Amino acid sequence: MGTEWKIPQDATPADPATLRVLGEVTAVTPGELDQAVHTADQAMRGSWPVDAKLRQVALWRWADLLAEHADELVSALVAESGKPVREARIEVAGAVDSLRYNAGLTRLVNGRAGTLPDGSQAHLVREPVGVTALIVPWNWPLLLLLRDLAPALAAGVTTLVKPAPQTTLVTQRAVGLAHEAGIGEDVVRVVAGDGLVGEALVTHPLVRAVAFTGSTEVGAAIRSSAAPDMTRTLLELGGKAAMTVFADADVDAAAETAAMASVITTGQMCMACTRLLVQRGAFDRVRDRVVDVLRSLRAGDPRDENTDLGPLISAPALERFTGYVDLARTGARLLTGGERADADGLPGHFVTPAAVTGAALDSPLVQHDLFGPLLSIEPFDDEEDAVRLANATPYGLAAALWTSDLHRAWRVSRRLRAGTVWVNGYNRSYAEMPSGGHGASGLGRTRGVEGIEQFTELKHVHFGAGR
């Protein structure tokens, strides 16, 4: 571990709307990282993994502190991620809810016992998996952190958190509140840095589990790096969510929902709606309504209550988005958007939301995780055609379908290859219900009781029948 790590200059925390540098972040050194892992490993033999009541009180107190500092955290989220203030409030509330839900699960006794045919006794017990690394993206840094960290801590593991460089400051503040709540630095600690720090965490022999949210390419690399030590991986990766709208649905509501779902975090979200499949009889009406909604949305200062879209996170993100828009102009039909937006005179990388039709099924517009506000609208003929198109990408994180036919809703939802399927709605996530992806969208499940189990090992303890 002789290499020194530094935060890349282009990843220094900066306001994406104003481009103003927000502060300096010092990367952890190799020696500091190694010591932090050893400290977390030592804490696995302390009171945290075995005292469920201690964990419950601490998680609930942390939730209270996050709620008390909500305005501060919302402002930090807006400044570091560029998301609109209304969205930032939803994120902080979701982080608080995740802690409160999992605080209740800390005292769940989740195992079973029984008598075997020879009269002996079998007991199945769940134990904390061990030191866990969490690698968190910039787009929803608090909610995605607590989505995984809350069940991990409830299960009794100790953790090291590597935030995205862009949102290190707000992450450090939130974890600082955890320490105020009584959760020790040996139980949860932030280790700042870039991909080299993440790689060192994943490959450290004392780290027994990794939770990562981010791109499919990086997730595959993490899984490969974790394999030699058989380190468990929880991976929520890219998405290409499709909303399928049948002609018998409330098509106006579906169109409006799809348009708004395509611009969540300015499209920089794995569950953003990026494909809209519409039965031919309703296609023109839905297409026109989507265009109307997108044109009505306001890109501007994310601190303004009336702003719908904040900036893209960086110049490379703008370049990537522009490349896809150029492809839409030349290889399909660009209906609206895709231009630089004059957003209150701010210098950030603001764009107008785009919609496209006529893209071929094998086009990057349909197949790639674009990570920007561009919605592909595609027609289908019947139920079979709808399922074929919806499942035609390697991703399977989320999907939605709209219909007034309950039997169709059940049939189609069972055939869609996705970890979550919404019926007559979109983007509804709950601390109680597990989430995760199929295929290129990842491995494992978080949230719900399944989220607790993700951070445990199952052990069989056998008691002989005796004589």
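Residues are numbered from 1 along each chain as its sequence is written, and side-chain values use heavy atoms, with hydrogens and water left out. In this predicted model, local features need pLDDT of at least 70 and side-chain atom pairs count only at pLDDT 80 or more, while totals for chains, interfaces and linings use all residues.

Me: How many of the 7 residues of strand β9 are buried?
Reply: Buried means under 20% relative accessible area, exposed over 50%, and partly exposed in between (1.4 Å probe, protein chains only). Helices (H or I, at least four residues) and strands (E, at least two) are DSSP runs, numbered from the N terminus. Strand β9 covers residues 273–279 and is largely enclosed by the rest of the structure, because the number of its residues that are buried is 7 of the 7.

Me: Which residue in β9 stands opposite A241?
Reply: Two strands pair if DSSP finds at least two bridges between them. Strand β8 (residues 241–245) pairs with β9 in the parallel sense over 5 bridges. Opposite A241 stands C273.

Me: Which residue of β12 is the bridge partner of Q279?
Reply: Strand β12 (residues 374–380) runs parallel to β9, and 5 bridges join them. The partner of Q279 in β12 is F380.

Me: Which residue caps the N-terminal end of α7?
Reply: Helix α7 spans residues 195–203, and its buried residues are V197, G198, A200, L201 and V202. The cap places a side-chain oxygen 3.0 Å from the backbone nitrogen of L196. That oxygen belongs to D194.

Me: How many residues apart are R303 and D15?
Reply: A salt bridge is a side-chain nitrogen of Lys or Arg within 4 Å of a carboxyl oxygen of Asp or Glu. R303 and D15 form one, at 2.3 Å from N to O. R303 lies in the loop between α10 (280–296) and α11 (315–331), and D15 in the segment before α1; they are 288 residues apart.

Me: Are E236 and R147 buried or exposed?
Reply: Their salt bridge has its closest N and O atoms 2.9 Å apart. E236 is in strand β7 (residues 232–236) and R147 in helix α5 (residues 141–155), 89 residues apart. Both E236 and R147 are buried.

Me: What is the relative accessible area of E256?
Reply: E256 forms a salt bridge with R289, the closest N and O atoms being 3.0 Å apart. R289 lies in helix α10 and E256 in helix α9, so the pair ties together parts 33 residues apart in sequence. R289 is partly exposed, with a relative accessible area of 30%. E256 is also partly exposed, and its relative accessible area is 32%.

Methods. Polar contact = N/O pair within 3.5 Å; in protein donor to acceptor, adjacent residues only side chain to side chain.
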